[in-house]
Structure formats: structure tokens, C-alpha cells
Amino acid sequence: MADFCNCPIAGAGTNRRTEELQRATAAHSRNGQQERTEGSTMKIGIIGAGNIGGNLTRRLAALGHDVSVANSRGPETLAALAEETGATAVTASEAARGAEVVVVTVPLKNVPDLPAGVLDGAADGFVVIDTNNYYPQRDGRIAAIEDDGLTESRWTEGHLGHPVVKAFNGTYAQDILDRPLPAGDPGRLALPVAGDDDAAKRKVRTLIDELGFDTVDAGGIDESWRQQPGTPVYGLREGVEAVTKALAEASPERPADFRG
């Protein structure tokens, strides 16, 4: 299985890699991405420091955002990532405090085990990005998803008690480091983004653009099955046109490989 969110192969980060990303970020702006104005950086909390969470920490910190990152084992286990990136290692209960964007990127089976009030203290109007996927072989069978027809992100939303925007769930973790390109570049990859709140979705799409990727509006959370594992867009490394086509070709029937 490829290194999608929460899968085992991660891109290793180093101080040298962070310096390269900072240089790439500066070049990215010079090549046409609109510069952020002073004070436009955001406080971002990342819950989960695996493949996707770790590399988002690297990129977002390199872009100048104030990043807090947490995992299930405690901030002391994130000392190397914090030193490498300048992010702040915190507990899961602290990650959302003051955050305008909170990224939840833990194995789906662990979402119900997040601390009570895990989103408490976030900034007014904060947005939650859900990167998770349902893998029955790892997560166990979840009847609400398989029998009741909830999308994976709708199920996650119910446990978090807050709307989510689904993004990065079919993205190769290493691509977050290696494949950002300026807006307008013909080789730029596109990511599907689903969510019910248009303002929240715009905020996430703007952040993804800043990271160096195009986006395609994949509809609401009840339509987010179009980007779940086993669909044509899952893991697709293509631009806007191909991603749009793949979303349209998806079937709501869950593939056998992703049923428990």
C-alpha cells in the first residue's frame, strides 16, 4: 500500500530538508504566487504526526505559519520534528488552542479516542481538515460506514462534533514535500476538497494553493465518497481536468478491498 495518510512509509525530514523547503517557498512566491501580507500567517494545529501530519508540519512551518503539532505519545516524542521545523510540540488537548485551522490526521479507528474537548479553545470560525481514510483491515469494521452509508468524513465529523473539510486523504505524503509548483504551472497537481461550508472550503483551498497545489471542489461531505479509497481520484497524480473527470466517474459502491 502506498504512503497515503496514516500508512507506514513516511518521507524522512532533516534540518537540511527544511532549509531546502524554505528556499523553495521563496522561489515559489517569486514565480507567481501572491505574497502573503504581513499578519496573514495563521496559527495551525496538527493532531497526528505521521506521514501526512509530519510533512504538513514541515511545509506549513516553512511557509511561516505558527504550527503546533501533537501525537498520541506526548510532545517529548516530537522533539526532533519540533527542532527541525520550528513547530511547537504539544499534547493533543492543546493542539487546537487559538488555531484557525486544525488538521486531524490520525488513524480513523483512533478518532473516537481523541481527548474530550479536543477542539476546545480554537479561534472563532476555525476550520477542521480531515485527512483520514477508512481501512477495515486496520480500523476494524465500522457499521455506520459500511451498513448505514455514512461517508468516512461524516462519521469523523460526528465524533469531533464539528464540521470538517476533507482533503489530503488520497495524497502521497512525499508529494507534499517534493511536488509543489507555482500557480499556473502546467505540471501542477490538483487535490479534491469536499465540505459543506463554502467559506471553510475556500480557506482550505487557499491554504492548499499556498502549499503549491491546485484544488477541485468535490462537493459536500455526503459526496466525499467520490475521493475515498478505491475511487479513481484516490492517489491520482494529475491536474484539475483529470481530477474533475475522476471525481465524476466515481461509484458510491464501496470496493471489495475496502470493506470489512
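The structure is a predicted model, in which local features need pLDDT of at least 70 and side-chain atom pairs count only at pLDDT 80 or more, while totals for chains, interfaces and linings use all residues. Residues are numbered from 1 along each chain as its sequence is written, and side-chain values use heavy atoms, with hydrogens and water left out. The chain has 9 helices and 8 strands; helices (H or I, at least four residues) and strands (E, at least two) are DSSP runs numbered from the N terminus. Of the 260 residues in the chain, 53% are buried, where buried means under 20% relative accessible area, exposed means over 50%, and partly exposed lies in between (1.4 Å probe, protein chains only). Among contacts in the chain with a separation of 6 or more, 73% join residues 24 or more positions apart; a contact means heavy atoms within 4.5 Å.

**The sheet**

- The 8 strands of an open sheet follow the order β3-β2-β1-β4-β5-β6-β7-β8, with mixed pairing; two strands pair if DSSP finds at least two bridges between them.
- The edge strands, each pairing on one side only, are β3 (88-89) and β8 (214-217).
- Strand β1 (residues 43-47) pairs with strand β2 (residues 66-70) in the parallel sense over 5 bridges, and lysine 43 stands opposite aspartate 66 in β2.
- Helix α9 (residues 240-249) packs on the sheet and touches β7 (190-195) and β8, its direction making about 30° with that of β8; axes are lines fitted to C-alpha atoms, for helices over the stretch in contact, and angles run from 0 to 180 degrees between N-to-C directions.

**Strand β7**

- Strands β6 and β7 run antiparallel and are joined by 2 bridges; valine 165 has glycine 195 in β7 as its bridge partner.
- Strands β7 and β8 pair in the parallel sense over 4 bridges, with aspartate 217 in β8 as the bridge partner of valine 193.
- Strand β7 is mostly covered, with 6 of its 6 residues buried.
- In a regular strand the side chains alternate between the two faces of the sheet.
- From β7, Ala190, Pro192 and Ala194 point one way, and Leu191, Val193 and Gly195 point the other way; all are buried.

**Helix α6 and glutamate 157**

- Helix α6 is largely enclosed by the rest of the structure, because 7 of its 9 residues are buried.
- The buried residues are Glu152, Ser153, Arg154, Trp155, Thr156, Glu157 and Leu160, and the buried residues of α6 pack against β4, β5, α5 (143-146) and β6.
- Helix α6 lies across β4, β5 and β6 (165-166), running at about 135° to β5.
- Glutamate 157 lies in helix α6 (residues 152-160) and counts as buried because its relative accessibility is 13%.
- Leaving out residues up to four places away in sequence, glutamate 157 touches His162, Pro163, Val164 and Ile221.
- Glycine 161 follows α6 and has a positive phi, near 70°.

**Alanine 123**

- Alanine 123 is in the loop between β4 (101-104) and β5 (127-130), and counts as partly exposed because its relative accessibility is 21%.
- Its contacts, leaving aside neighbours within four places in sequence, are with Gly98, Ala99 and Glu100.
- Alanine 123 and alanine 96 are 27 residues apart in sequence and 8.2 Å apart in space, C-alpha to C-alpha.

**Pocket and cavity**

- On a 1 Å grid over the protein atoms alone, a cavity is a set of points where a 1.4 Å probe fits but cannot get out, whereas a pocket is an open set with protein on both sides within 12 Å along at least five of seven lines; lining residues have an atom within 4 Å of a point.
- Grid points are joined across faces, edges and corners, and a volume is the space filled by probe spheres set on the points.
- The largest pocket holds about 430 Å³ of space; 22 residues line this pocket, and Gly48, Ala49, Asn71, Ser72 and Val106 are the closest to its centre.
- The lining of the largest pocket divides into 11 nonpolar, 9 polar and 2 charged residues; Ala, Val, Leu, Ile, Met, Phe, Trp, Tyr, Cys and Pro count as nonpolar, Asp, Glu, Lys and Arg as charged, and the others, Gly among them, as polar.
- A search of the whole structure finds 1 cavity of 30 Å³ or more, and the largest cavity holds about 160 Å³ of space.
- The largest cavity is lined by 19 residues, with Gly170, Thr171, Ala190, Leu191 and Leu236 nearest its centre.
- Strand β7 gives the most to the lining of the largest cavity, with 3 residues, and by class this lining has 12 nonpolar, 5 polar and 2 charged residues.
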